[in-house]
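Trainee: Could you walk me through how to read a sheet and a core?

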Amino acid sequence: MTGNGTPPGWALRSAAVADVEAVAELRAAVMRADLERLGRYDEHRVRQRLRDSFSTEYTSIIMVGRELAGCVTLRPADGRQWLEHFYLAPHQQGRGLGSAVLRTVLERTDAQGAAVALKVLQGSAARRLYERHGFVMEAQDPIDVLMVRSPSERET
C-alpha cells in the first residue's frame, strides 16, 4: 500500500476482446449482493448484459501488478461521457483504488470540459464513492439512480 492506502503499482490498460469473460465474471461477483437485494439477480443475464455492451474502444482494464483488478468504461453519448462497468475485485475494494481510478478518469473528462453521467443501483455502497467525487442525483427509479457530475472548474 502507498501512504494514502491505495495499492501500489496500479495502472489502466486498454481492454482486449480476450478480457470479456473475465470482466463478465467480475461483474457477476461485484453486483450479486445488490442485485439479489433488489430481486434482480439472474445468473445468466448479469454476465450477458456485460457481453452485449463490452467495448474495447471505451473500456480500460485496471491492473494491480499483473492481476486484473477491475475495469471502467467511459463512453460518449447524449453530449456526456457515461461512466459504465466500473467494477473492482472484492479484495481490492475499500483500499483507495476506486477513488484513484475515478480521479484519473475525471481528470481526463474535466480536461475535455465534459459532464459525466452514470447509473448506480439503489442502495449500492458505490453511491457514496460517486458523491465524494462530485456526482449528484439527477433522477431515480426503483432500481437505478442517475447521477451526473459537471466538469470541475479548472485553473487557467
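Trainee: Which residue in E3 does Met63 stand opposite?

Mentor: Strands of a sheet pair through backbone hydrogen bonds, parallel or antiparallel. Here, Met63 stands opposite Leu68 in E3. Strands E2 (residues 59–64) and E3 (residues 67–77) run antiparallel, joined by six bridges. Strands (E, at least two residues) and helices (H or I, at least four) are DSSP runs, numbered from the N terminus, and two strands pair if DSSP finds at least two bridges between them. This is a predicted model, where local features need pLDDT of at least 70, side-chain atom pairs count only at pLDDT 80 or more, and totals for chains, interfaces and linings use all residues. Residues are numbered from 1 along each chain as its sequence is written, and side-chain values use heavy atoms, leaving out hydrogens and water.

Trainee: What is the strand order in the open sheet?

Mentor: The seven strands go E1-E2-E3-E4-E5-E7-E6, with mixed pairing. E1 (10–14) and E6 (136–140) are the edges; each has a single partner strand, so one side of each lacks a neighbour in the sheet.

Trainee: And the core: how many residues does the largest nonpolar one have?

Mentor: In soluble globular proteins, nonpolar side chains tend to be buried together. A nonpolar core is a set of buried Ala, Val, Leu, Ile, Met, Phe, Trp, Tyr and Cys residues joined through side-chain atoms within 4.5 Å; buried means under 20% relative accessible area (1.4 Å probe, protein chains only). The largest here has 21 residues, and Leu83, Phe86 and Tyr130 have the most contacts inside it. H3 gives the largest share, five residues.

Key. Buried < 20%, exposed > 50% of the residue type's maximum accessible area, 1.4 Å probe, protein only.
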